Amino acid sequence: MIRLTVVCYLLICCVLPARAQERSAVQKPVYVNQPEVLKVHTDFITLNNDNKLFQDVYYKSDLSFTGTFTLTCYRYNTDNDSFIVFKKTELNQFFKSGVRTIKLDYSKNDNYTYFFPKFYEIVKKTEVIPPGSYKIYISVTGDSIHYATTILRNIDSTLALTSALRKDINKALSPPDRSFMGIHLSGITRSNASLANATKAMDRSKGRLNKVYSAKGLTPVVFGRDGKKCTDLYYEQWFVGRYEIRENENVTRQIDAQKSALTKGIIPSTPTNTTNPQSLLSQVKELNKAKKDEKETTGEIGITTAVSNGQEQYSQTDNNYMELHGKIATSVMNVPIVIEGMYTTQDAHRTVKASYVNVHYDIEKSKAELTNSVNSYNRQFSEQSAKLKNGDQFYQAGISNLNSQKGKLESEIKNETGITNPTTLAKMDTAYLRQKIDSNVRSKADSGATNATQSNAAGSADSTRKAAMNREQQLKDSTDRVYKRVMAKYQKIEKLEAQLLKYKMLMTQNKNTTYFDSVLAYNKTKELGSKDPSYKQMAQQSEKILPDGQAKKFITGLTSFDAGIFPQYASKYTMSGQTVKGLNMGYDFGFVEAGLTVGKTEYIGRDGNLDKYTCYSGRASFKPLKGHKASLIYYGYTPSRQMLSDQFFKNSDIALPTFQQPQHIVSLTYEGIVTKDVKFNAEAATCFGQQLQTGTAVNGTSGGDRSAYTFSTTGKIPNSSAELEAAYEKTGINFQNNTLPVSTNGTEKLTIAWKEDFFHSFLAAGVEYDYLLQSNFATTGANTKWGFDLKTKSKKYPSLSVSYKPFTTFRSNSDTFSIPQHPLLGSVFTGKASYQIKRPGRSIRFTFIYNKSVSHQDTVNYGTTLLQLNCTYTRGKWMLGANIGSTQVNGTTLDTTGPQPPNKTKFLSLTGSYAFTKQFNVNAGQEFGIANFGFCRYAFTGGCMYTSKRLPLTTRINLRYNTYQSVQYGAWSNLYSGTLDLLWQIKKKQVIDNTRQKK
């Protein structure tokens, strides 16, 4: 009887699960664990996008072998009964050496796969694992491998924040969004309904909640407990989970807080103890999957209306116009895009249009989201590793304490039974055990009763018989008492052994969890922050923490995408920031990053008309070494047929590329890091395909004449704050790219610059040397320029800055002979001083600016001088400002026949604003201008801004009256103008509807 009891208890509590509901559990073989050869770990099943159950099994093997793999998961009820919920039996598997992953598919109907039908049905319909205690038994058997492990998992009864079911309930409880022009706007949804507590919110949302429950086949049971409104959800007789929400707090704010936790990358299911270690791999994967359903649409739409009775001289702005502009950042098929555009009515009579529309793939947002996920994983890996390490220490202390208790009990059993090895009690039947106890009791009684027997030897026979009978009964009673104590102590030992076994399993599970979290993800992601990888490389390195299949999607390789009107930069000598109307796309193929741009670009031509070019570019980039990148770029363009037929070019010897002979440019760029303090960039380009002015082909000229190259390097001097920069550029006289914003052919330029911080960064100083050689005229000209800048930085003293920057601009030879254009030489001197005084609740800032610019073009000189002092006072809701100064224009006047405008004026402007509330503020200003002949300008401005509390709408109104006199004795002009701006903010959570029926 004893043997049967002990064996049954061990089978139930320690080694095997109990009898299954559908069939008896077969006793499992106990293999010798070989962690030095093989290590296996898994978390739990997951549901993929096709509603199929999968399970990732991670293993690390020191050798390759073919073995038999078995995985069985039991769910335990409260009465210690259990049944199988899913399993893979006797699966032949080839195990490769190293760290690998086995993906088990439970949707297959084969002899190796089993799942409990109701369990599978619940998971598919609700996407929730029913709460409870689970044990996963894994065994691997090969020729020389015998491995077994047990993994414990407790699923909490409260629905996780990442649960799709919780999100559906949250959505049903939230007030329905209103829409404007088909766009949902969160600013309107904050109605009184959103302020309801849990009871009111559930009553108001009863219909939507019932729709969610019925779609998933759930029965809700609602009750209150501990200040919370609880909903227990049942699928037939199965408890699926509990939804809790605080009763007396705003429901919408609670739901928003849950969504915010998900979007910020907070892992809510990270265990606070080590009794249920779930790997971060699965936690972050669940989080990223949940975040996919919580995309946000943001942006704004604005309308500007301007009216005026006139414009000042030389203004190119219409008196009356309207502008519509907008920007929306959203996601299409989980791809972040930005749609931006602007339309102005002024384009109706403009040569170059300002209106545009652009669709842009926001690769930076994709990288930022993935970077946040990686950083969150790395941070929480460190935290959880520390927790699991503390858990190991807890288990080790517990194991030591349990062994001590076990040893004490075994010693007591040994003393009371005389059995040297108490563990053999499980092999003894009751009669034998009682015999051993009885023998031990009698032995102790005999040794203690010798003296009493001798003293009673002279007594009567009856008394002797009576004493013997009493003694026998006492021995029997003593044997019974000892037997009960021994069995009670042995049952305690069994419980201690079960607890020891659990602690040892959890220690192994913790170590495996940390190990696979590390080798599968952390070791690959911990260095991403110090590198600059492409999005595809980041996705590949982070594959284990992303939803299944995401790292292999086509979109991860996309490096750029633009459609519409956009600026494009490929290199200095090809596409150098031109505005293109067309399409641009880049893709990372792994071994090479390729790109293609096709479109049109345009400029105002020499005759004032629009010059249009069709341009196309292909590029391929390689990374031969870490920190180095080489790019090969092809760029071609052809002018429009309208340009070729233009009368301007008929009598000119300027040769242009044609559609039959387009211009071709091939460029090679290289950038790299020599050391951590030295970087360099270089580009070499050559052109071919067009005809020269002399009519000879470019291919017949020297390679240097039709080539261009540049080289620049920057570096820091070790153990100092000094930084040096050197750059050299040479553009051949026959290098042609008419689509560049600035043409530099026939020039040679050398730049050397130095800057350094002094006095603990209080003073920053820099010197620059420029040498420019122009060779595209009949003669060669050169000039040398020096520049400098000084700047102080201090909170205690005023900040000062002084700089002198020379500049030189050359025109091309053909431009100069076509219309009068000449080299332009000049310099700019700037001085600035600022100081701020801060006091509690108020501040005052002073700013002084002096700027002088001078330019020379042949015999024509031109220059301006600006002297300005500004003072700004801020206190509470008030802001007051004063600006006083003078401007002076110096130069040679070519036209002296008419009255001349004043070349020197003084000005004074006063401004102020007051915020009545956070939503409403007003501003006003007064301007005065004084010329050498007296007052020449008076102006008044006023405006207000209002932001609605209920609507995401901001309204700005500005009015201006301006009266001025251009020349002495001239008539005064009176201008009235006003603008009205309406700005509508868009912010909407895009939540995928999970109420669809699971099949």
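A nonpolar surface patch of about 680 Å² is formed in this predicted model by Ile303, Met322, Leu324, Tyr343, Ile957, Leu959, Leu980 and Leu982. Patches are made of residues with over 30% relative accessible area and no salt bridge, like charges being joined within 9 Å and nonpolar side chains (Val, Leu, Ile, Met, Phe, Trp, Tyr) within 5 Å. A salt bridge is a side-chain nitrogen of Lys or Arg within 4 Å of a carboxyl oxygen of Asp or Glu. The model is a predicted one, in which local features need pLDDT of at least 70 and side-chain atom pairs count only at pLDDT 80 or more, while totals for chains, interfaces and linings use all residues. Residues are numbered from 1 along each chain as its sequence is written, and side-chain values use heavy atoms, with hydrogens and water left out.

At least two residues of the nonpolar patch are supplied by each of strand 16 (321-332), strand 39 (953-964) and strand 40 (973-991). Helices (H or I, at least four residues) and strands (E, at least two) are DSSP runs numbered from the N terminus.

Lys832 is located in strand 32 (residues 824-839) and, at 42% relative accessibility, is partly exposed.

Burial was examined in two elements. Strand 1 (residues 38-42) is largely enclosed by the rest of the structure, because five of its five residues are buried. In a regular strand the side chains alternate between the two faces of the sheet. In strand 1, Leu38, Val40 and Thr42 point one way, Lys39 and His41 point the other way, and all are buried. Strand 1 pairs with strand 3 (residues 53-61) in the antiparallel sense over five bridges, where two strands pair if DSSP finds at least two bridges between them. Val40 has Tyr59 of strand 3 as its bridge partner.

Helix 2 (residues 117-126) is likewise largely enclosed by the rest of the structure, because seven of its 10 residues are buried. The buried residues of helix 2 are Phe119, Tyr120, Ile122, Val123, Lys124, Lys125 and Thr126. Just after this helix, Glu127 takes a positive phi of about 60 degrees.

Strand 19 (residues 558-569) and strand 20 (residues 576-588) pair in the antiparallel sense over 11 bridges, with Ser560 opposite Gly586 of strand 20. These two strands form a hairpin with six residues between them. Strand 20 also pairs in the antiparallel sense with strand 21 (residues 593-604), over eight bridges, and Asp588 stands opposite Glu593 of strand 21. The hairpin of strand 20 and strand 21 has four residues between the strands, and in this hairpin Gly590 takes a positive phi near 100 degrees.

Most residues other than glycine have a negative phi, and most peptide bonds are trans. In Glu90, a residue other than glycine, phi is positive, near 45 degrees. Glu90 lies in strand 5 (residues 82-95) and is partly exposed at 47% relative accessibility. Ser761, also a residue other than glycine, has a positive phi near 70 degrees. Ser761 is placed in the loop between strand 28 (747-758) and strand 29 (763-774), and its relative accessible area of 43% makes it partly exposed.

Two pairs of residues separated along the chain were also considered. Leu262, in helix 7 (residues 251-263), is buried at 2% relative accessibility; its C-alpha atom lies 8.5 Å from that of Asn288, 26 residues apart along the chain. Thr317 is found in the loop between strand 15 (294-308) and strand 16 and is partly exposed at 36% relative accessibility. The C-alpha atoms of Thr317 and Gln346, 29 residues apart along the chain, are separated by 7.8 Å.

Conventions. Areas by Shrake-Rupley, 256 points an atom, 1.4 Å probe, with all protein chains shown as cover. Buried < 20%, exposed > 50% of the residue type's maximum accessible area, 1.4 Å probe, protein only.
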